[in-house]
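Let's take a friendly walk through a structure together. Have the 3D view ready, and keep the sequence beside it.

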Amino acid sequence: MQRIGVFVCHCGSNIAATVDVKKVVEVIASEPGVVHAEDYQYMCSEAGQEKIAIAVREKKLTGIVVCSCSPRMHEATFRKAAERAGINPYMVEIANIREHCSWIHKDINEATEKAVILARAAVAKVNLNTPLTPGESRVTKRALVIGGGIAGIQTALDIADAGYKVDIVEKTPSIGGRMSQLDKTFPTLDCSACILTPKMVEAAAHENITIYTYSEVEKVSGFVGDFTVDIRKKARFIDADKCTGCGACQEKCPSKKTPSEFNRGLGTRTAIYTPFAQAIPNVPVIDTEACIKFKTGKCGLCQKICAAGAVDYTQKDEIITEKYGAIVVATGFDTINLDKYDEYAYNQSPDVITSLELERVMNAAGPTHGHLERLSDGKAPKEIVFIQCVGSRCSDDRGKPYCSKICCMYTAKHAMLIRDKYPDVNVTVFYIDVRTPGKNFDEFYRRAVEQYGVNYVKGQVGKVIPQPNGKLLVQGSDLLDNKQILKEADMVVLATAIEPNKDVRKIATMLTASIDTNNFLTEAHAKLRPVESPTAGIFLSGVVQGPKDIPETVSQAGAAAVKVVGLLAKDKLTTNPCTAKADELLCNGCSSCANVCPYGAISYEDTLVNDHGIRETRRIAIVNSALCQGCGACTVACPSGAMDLQGFSNRQILSEVDAICR
Amino acid sequence: MSVNNEFRPKIVAFCCNWCSYAGADLAGSSRLAYPADVKIIRVPCSCRVNPMFILRAFEKGADGVIICGCHPGDCHYSTGNYYARRRMTLLFSMLDYIGVEKGRTRVEWVSAAEGVKFSDTMNDFVAKIKGLGENVRLGDLRCKN
Amino acid sequence: MYKIAKENLASLFALIHETNELYLPVQVAGQTNFAAWSEDACVDLDTLKTVKSPKDVFFPQSETLYTCNKEDNKLRITPEALVDAPFVVFGMKACDIKGIEVLDRVFLSDPVDSFYAARREHGIIVALACHEPEESCFCKVFGVDCTEPAADVATWMIEGELYWKALTEKGEKLTEAVKSLLTETCEAKVEAEKSAVKEIVEKLPYSNLSLEGWNGDVLTEKFNDELWNELYKPCLACGTCTFVCPTCQCYDIKDYNTGNGVQRYRCWDSCMYSDFTMMAHGNNRNSQMQRFRQRFMHKLVYFPANNDGMYSCVGCGRCVDKCPASLNIVKVIKAFSEKGDK
Amino acid sequence: MQELITRAKELLADGTVARVLGWKIGDMPYNPEPAYFETVESLDKFVYNGFCGANLSKYMIEASKLEGKTLVCLKPCDTYSFNQLLTEHRVDRDKAYIIGVGCKGKLDIEKIKKTGIKGITAISGAEMTDACDTLEIDTIYGKKSCSYADGMLERCHVCKGKEHKIYDEIIGESRDTADGERFAEVARIEAMSPEEKFEFFKSELSKCIRCNACRNVCPACSCRKCVFDSTKFDSAQKANVDSFEEKMFHIIRAFHVAGRCTDCGECSRVCPQGIPLHLFNRKFIKDINEIYGEYVAGAEAGSRAPLVNFDTEDAEPSIVNER
């Protein structure tokens, strides 16, 4: 039995006006375990805390109940006070007699009676409390960033600049990501490559950054501060140390028909290729599915031509195993598949393109060398229609329920750029709403309308019909004028919804990071912890968390970096001691607990147990207290009651139930 | 201690620490009254609530038990309330099956911002339990004396 | 000797009930067990064996011993009152009565169990002789005559009539009290019934079971026998055999927290349970083999050793009928005999 | 049966298995007991007939700890339990040599006796080789008979099918004996008024003597220590002192096996008081199927039980009030 001191706070008149605090003290004093009870004006004041210290000393208290405001307010205060007074901080329980009692009840008898019951429940619980000590775990001072787009690059740079080692794992042959595919950026219209390339170079040159391109994360184990990751470095068939990046191999390669991923399939590339001119590293890879040498055994031109002797057809995938303290997911996005949107004729006409494809068309390094032309016949278009919200804000299962957020702005950008460069081209934008929250965003949009004469029509497009004359008949509605519109266009651009990269679900599973129905990773708290995953040590950067534009992505990338740096700056992590714990004598090893654990904190070990003289090896659940966040899901999944939650144990909660119901 | 002979139900409310307990705090700081019959037990998450706790409350004389957690999708631990939702659905169904009146148990999702909902929910729940009267089908008679 | 027509038994029970609590076989949800009589109870005298033996009339499955309450910071302890009014148990079989004899040995020897003693003192047993013994019966092996139950009143059900014969003073008194409903008769029919039933008993498959080699003196030999390692294996460690048994007498004492105090009660326990006689250091029998052995050693060796050779099995055969794994004391006895034969 | 014995002898003799887990002939015509056979000779006492109802899957928990493989005879419905135990890492597949034994419905001696047959000395028609539809029963009170179907266990009337879900080899023919609607009784109770439901379960559960046979025979109740034996929850109970404790025990037991129970029917088979305990488990199965989609525990090893799973679009608990 504990020696419990109960301290009833008046909170000025906040409590005392509705609860007879003297009465509470009088009644609670006779509860089992209570050896001291007193009331005071403000328990949270220094004088109040001193009262706790005195009572601990004089009455040799082992447990403390403070009847006061919500534990969310002052639990930490009283725990610290207890610690200063020399008892374990987890021997403190709060009876919330303010928010849950005095503030909501008027009748003093009723409120007093309830305050007594809440105090009794707290006393009953403290009687079963055990001293808890936060655990410690070491921190590997190295971070992993998955994804080498602008989000990953920025996060890596910020972490590296703070003095920590960081590795970037990028799936494609070059870092750069989506941003490298863009032509201009809103709302400043500066050239995307011009601002991205220096960042790429900086990352490549940074002494604290290691970049693994053409690589994928294969396996993750461990926990915050101590992850072990296997990275599969796919064979490039080029010795990166020897390659000078001269490009001769690509010029000679006879296999030239593969659609270029970088150009969204609008152009072609060779079998040995670097995705784009500014690629980092500037080392090509061989696409074995396109390569004649790999397909037939003949050819080998590239190897012959390479002066550096860098081409090596025997290269194998390599597994790199590395330890990390933190992992940042920056896997970015892709546009959705438009197969379900037959009405826009995307699959029927080459002149119906997505906005991202338009970026490539507008880009000087793109398939048309920056000339705005129809992909069907190379003619200059005179009439272009933009259709907004293709697959975004969608109520059925063809698209996505969310707003892709960037489309309104990039469409304004496209419209403006076209009108600027080709003033004879008519641009019409069909929209549901134009959303322009952001610095200089609405101004930007208004410029498109007012200065550049872009024709914005509020309404949706029902159908795009390719005409025999090569034109596209757009059937839409103008909701403001309440009329149907039929427009013959030369080109139609679809503001296609974006979605998280397809690989993210696999990665989330490896990281035990939670993911929502739209495949965006879930943040630990939507408002207060937006760059952290609920899984400790996993951080989110960029669109993987939700749709965003470049400035938002960069700021979030920086925020994620700060969180990582904050973690890596610690030598050791203290862990929440209110974690689950399995009683090895009761554990069946059935895996029910691990199945419900959102953090992957439970593993099983064959353990030799001594069950009252019976020695046998059993499969026993082991909770990693560094990973466990203390939700308690496992405790209920466990049929034998082997799994219990420290600080909220079965018996503690039952004792509260008993105290309340008696 | 009740002044007249009006039936005063005993009601146990399990509230998750992150949403519903905070919602109850908000109800308090907004002075949104609900009957003193409701006593709150703080649990880390609705998924910490074991059916045993609920039966124990009835055993010891509770007339109603309500479990409050974060809205589905908003769980602090991301998935806890999804498990709680299944567990409670099945448990409540079983209680109904053995003849315990519907309505003695309830699950409500109350966020930290929903002080009004918390108070309204408790007012409504207490009224419903008062309507059902004393719990006689699921208690241990030894506790009634 | 008296008799009463079966259809008048309801009046007899009502009359007995006027001055006594009455327990008799009652069917609830398809199963017959001893229970307190009430007007709407479904009395079932046709089922040979109740699922549970009637021992719980004298030694209930659970009973409160005392209650502690806190009043004004003082502890008040209220012992549970002893039974002090007469009650009648109707329809007990000869084997069950023999079972009570076994329990008497345990609870009425020093120190006397006052709760049990009070019930024994106030209980009046009206026995019902067996009419159609079943294949699992082996009471004969333990010297029980199922046609001649040794009770306060013995009764026989023959062709729709209940024959009634008082055997003790208590029985005489009860007979006096209900005489208005009885008619005098001769014993001829009863004698015929007895010999007919005895003939059936002879034909029962277990009636010739030999208890040779089982007595109080074979403790070490039997205890150490390897056979136990085989026999226990199908045992599920449930308490069915114990709880249906008329002679098992082990109990546990537990406290129940009512919120306002503590009720200390005792309840049947089973030596088959893993926490039987659990102590702070653990359990003194920590394997199911040991627990299984304990039950049979107790019935066939330890008990006779301490009780003038009396076995604590009466051959009612309930465990034979009810064991989920089809294990039972007969199979144990047979296994040892077969082993001896080899 | 002879084929089974011959094969078992072979496997024992060639060392494939170290023991055989099956049934040993009883001393009554209807009480064979689960047994281990470690020698070829001992198999002469092996029996497999209509009274071999016991689900031997649970014995495999202990057998998995023994040296060498155990040949275990599993009926089609028992294989679901074995799979479930595999899923929960309670048995070792490598320690089991599973012979899927044929089954044409198992008999319930209690049911046969309830027809008024007593003093049984011999039964014919229960052997697996017989195509008999009738049980011919010799008793000390004369010859009696009972149709096989009338003597069948409740679970066989709602047979899950003749397919073995896991096995190394199959010996013997099986028959789907289902002739009843599995959830009919549950639905009948669901349709009752709360008062009727309460009275129904009060009456049934009042018989419970807390012998724990239902729990101990249950392959899903495989806990090393049950919460009702453990002091951890303050839930240890040995008797139903108050009617609440009957409900507590059976509800929590059913809840703990919810989504894991294969509806093998052993609980109801062994209950000495004839309580239809399967009605609890089957209620959960029905609810799970209706609310979360069809799920058959043990149909496939490694599948995720409904209570350790979820869907973000799951029904709210208030659905109970609407049904």
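The report below moves from chains and domains to a helix and then to some backbone details.

This is a predicted model, in which local features need pLDDT of at least 70 and side-chain atom pairs count only at pLDDT 80 or more, while totals for chains, interfaces and linings use all residues. Residues are numbered from 1 along each chain as its sequence is written, and chains are lettered from A and ligands numbered from 1 in the order in which they are written.

**Where chain B meets chain A**

Start with the contact between two chains: 39 residues of chain A are in contact with 36 residues of chain B. Two residues count as being in contact if their C-beta atoms, placed from the backbone, lie within 7 Å. On the side of chain B that touches chain A, at least two residues each come from α1 (20-29), β2 (38-43), α2 (51-59) and α3 (80-97) of chain B. Here helices (H or I, at least four residues) and strands (E, at least two) are DSSP runs, numbered from the N terminus. The largest share of this side, six residues, is supplied by α1(B). Sorted by class, the side of chain B that touches chain A holds 20 nonpolar, seven polar and nine charged residues. In this sorting, Ala, Val, Leu, Ile, Met, Phe, Trp, Tyr, Cys and Pro count as nonpolar, Asp, Glu, Lys and Arg as charged, and the others, Gly among them, as polar.

**A helix of chain B**

How many residues does α3(B) have? The helix α3(B) has 18 residues and reaches 26 Å from its first C-alpha to its last, close to the 26 Å expected at 1.5 Å a residue. The expected span is 1.5 Å times one less than the number of residues. Because 18 of the 18 residues of α3(B) are buried, this helix is largely enclosed by the rest of the structure. A residue is buried if 20 or more other C-beta atoms lie within 10 Å of its own, exposed if 12 or fewer, and partly exposed in between, with C-beta atoms placed from the backbone. After α3(B) comes B:Gly99, whose phi is positive, near 95°.

**Domains of chains A and C**

Domain bounds come from an automatic or database domain assignment. For chain A, this assignment gives domain 1 (4-128), domain 2 (142-234 + 317-332 + 501-568), domain 3 (248-305), domain 4 (334-499) and domain 5 (576-646). The C-alpha centres of domain 1 and domain 3 of chain A are 74 Å apart.

Chain C has domain 1 (2-58 + 65-203) and domain 2 (219-341), and their centres, taken over C-alpha atoms, are separated by 25 Å. Between them, 27 residues of domain 1 of chain C are in contact with 26 residues of domain 2 of chain C.

**Backbone details**

One runs from A:Phe186 to A:Pro187, with omega near -10°, and A:Pro187 sits in the loop between β7 (165-169) and α7 (192-205) of chain A. Another joins C:Asp110 and C:Pro111, with omega about -5°.
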